[in-house]
Amino acid sequence: MWSLSFAPLVPLPLLIGLALLAALAAGAALVLAGRSAILRALALIVLTLTLADPSLVFEDREPVKDVVSVVVDRSGSNRLADRTAQTEATLADVERQLRGVPGVEPRIVDVTDMQGSGDGTRLFEALAASIADVPSERVAGAIVITDGLAHDAPPNAEALGLKAPLHILTTGRNAEIDRRIVLVDAPRFGIVGKDQVIRLRVIDKGGPGRAGLTIRRDGEIVARREVTSGQIVQVPVRIDRGGPNVVEIEAAPLDNELTLANNRAVITIEGVRDKLRVLLVSGEPHPGERTWRNLLKADANVDLVHFTILRPPEKQDGTPINELSLIAFPTRELFQVKIKEFDLIIFDRYANQSILPLLYFDNIVRYVREGGALLVAAGPEYSGSQSLARTPLGQILPALPDGSVIDEAYRARVSEPGRRHPVTRDLPGSEVEPPRWGEWLRMVGARARTGSTIMTGPGDRPLLMLSREQKGRVALFLSDHAWLWARGFRDGGPHLDLLRRLGHWLMKEPELEEEALRATARGRTIEIERQTLGDAPSSIVVTDPNGTSRTVQLEAGRPGIFSARVPTTEFGLHRISGDNLTAFASVGPENPRELMEVVSDPAKLQQLAEATGGSSRRIGQDSGSSVSVPRIVPVRSGSQFAGADWIGLRISDSGIVRGVSISPVFIGLIGLALLFGALVAGWLGETGRRFRRSPDATP
């Protein structure tokens, strides 16, 4: 490729000045001397050009292609309805047309909502990455096939940084219908036993204006209500347990709406206990009494009320009651008026000594069945005539005494069910046989009636039993020698682990449920854990946010623990269910932006596209999955790259220079010859003119 270049021998301002003087001199000569001064003017021009040092430049150029970035939205919202078919048809047509445009290199980029942080569709991040290695003058344009819902769109064309036309080809249809829930205010923490208020709004596009709401807590329906679309509504939810409480709010579906995924909002509220109120009643002073008190007082979250019966009614010597105790035992207030305020009631070596009327034991039974917790730590009194088993409490206790008391040294052992139970599983010291802990010296003989025996004594007799009574829980400890572990008798034992777990199980801490299903998201993998006392749980069903279900088989791990790892390609809340248990795992955001708004709209990116000289248009038809893709036209000049039925690409005709050769024009012999020839020609012309004017000239 040939071109002309200049390398002035004198400074450019001086050269321009000399050129102007030469032009003025040549003009004056032409006016005064007529045509005879043309040769002089030519000599001045040659002199000026010689000082400009012109050269002929030949470039050996290799043409390079301009780059067109084709960004394809494969996010969750662009897979709804028939948008996938529209996207594939559009991409095929764009690729076909680009193959027919010479000098263009298409780069196809697929974008999913699983990329990056997963917080929506990041179309423009992918666009910038696809042309990051290309000079801006070689970018012919960008074609984005999307539903118009991008969550990283820059505010203006300057922030976009694209010096080429941007064309948006929008899938979907006109008059789409969808309903979604928008959270206005959602609490993250709540006090157990109290209501938390969730504020939300139901937004309809093409809906009737009224929506039915269903509110679930941990998979259980707790309320239903009717609301008006567009208005902010308040939904109270009771926090019934510590730990995560998963609240789902689901709006009734519309006919022919795009998706049901955004009809549901999910909020995880961490339940926090204000105070655990425990009532401890010790039937008499004994060495183990201090162990229970120290354990409960060591926990700052426990509000302990402790009474010890110092003088039972049968021991009468005439001393007034008000002189025998610091305060009177408020039986009516504790066991009738305020009994429901306690989270746990403990009877420690308590015998039925007529202090509590039978009516109060009936109240305790009712309290347990309605959700309370009872722990009986029994001593020799449990086998006698004053045993609590002979009161109305006997109908909810898991074992009844057989009348015997075993006074011998023995090591408590974790039973086979106990190895699977979270209270005694992996209890420090239980991993060897015999257990690596100290001996106890006494236990009460009893016959198991209901529940699970998780620890045994001599002859595999029940030692620690747990049972459920309707909504409540009961534990029976058939020995009063747990304090020997606390005192370090014969190396002691894990009394803190055992008693703390026992108390937490009674108060329904989620981590100690014997039948539980848990799920945790680790990146894009869901880890499922099934806790059970059975031999093998049934298979688990995992339901993705889009409603797709799959069955997962669990593998055995530690005793009572079965687990599985499930990879996922969907962001949002996954439901895991099996054996009438439900758990939830949130991969990425609980309420992903990708599905918050799914109605396609070319106008969302129209201003940005038009600012680059491009366009934004809908290519989906109102019926069927056919598309109308505009013609792709190469454009080499101008600022507008779109028309009614076409979109343009900016063609730069760029190339890579492989070699350059330079040939000076007026330097050396050529320039000297031209200058000398111009001067001689001018002299000869002037001489000839004078000769013709002389009267002595020979004709």
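This is a predicted model: local features need pLDDT of at least 70, side-chain atom pairs count only at pLDDT 80 or more; totals for chains, interfaces and linings use all residues.
Colleague: How many helices and strands does the protein chain have?

Modeller: Both kinds of element occur in the protein chain. The count is 13 helices and 36 strands.

Colleague: Are helix 6 and helix 11 roughly parallel or roughly perpendicular?

Modeller: Helix 6 covers residues 289-297 and helix 11 covers residues 495-506; their axes lie 11 Å apart, at an angle of about 70°. Angles of 65 to 115 degrees count as roughly perpendicular. Therefore helix 6 stands to helix 11 as roughly perpendicular.

Colleague: Which residues of helix 11 make the contact with helix 6?

Modeller: From helix 6, the contact involves Thr-291, Trp-292 and Leu-295. By class, the contact of the two helices has 4 nonpolar, 2 polar and 1 charged residues. On the side of helix 11, the residues are His-495, Leu-496, Leu-499 and Arg-500.

Colleague: Is Arg-79 buried or partly exposed?

Modeller: Arg-79 sits in the loop between strand 3 (66-73) and helix 3 (83-99). Buried would require under 20% relative accessible area, and exposed over 50%. Because its relative accessibility is 36%, Arg-79 counts as partly exposed.

Colleague: Which residues is Arg-79 in contact with, leaving aside its neighbours within four places in sequence?

Modeller: Contact here means heavy atoms within 4.5 Å. With those sequence neighbours left aside, the partners of Arg-79 are Arg-74, Thr-84, Asp-113 and Glu-570.

Conventions: Residues are numbered from 1 along each chain as its sequence is written. Side-chain values use heavy atoms; hydrogens and water are left out. Helices (H or I, at least four residues) and strands (E, at least two) are DSSP runs, numbered from the N terminus. Axes are lines fitted to C-alpha atoms, for helices over the stretch in contact, and angles run from 0 to 180 degrees between N-to-C directions. Angles under 35 degrees count as roughly parallel, over 145 as roughly antiparallel, 65 to 115 as roughly perpendicular and the rest as oblique. Ala, Val, Leu, Ile, Met, Phe, Trp, Tyr, Cys and Pro count as nonpolar, Asp, Glu, Lys and Arg as charged, and the others, Gly among them, as polar. Buried means under 20% relative accessible area, exposed over 50%, partly exposed in between (1.4 Å probe, protein chains only).
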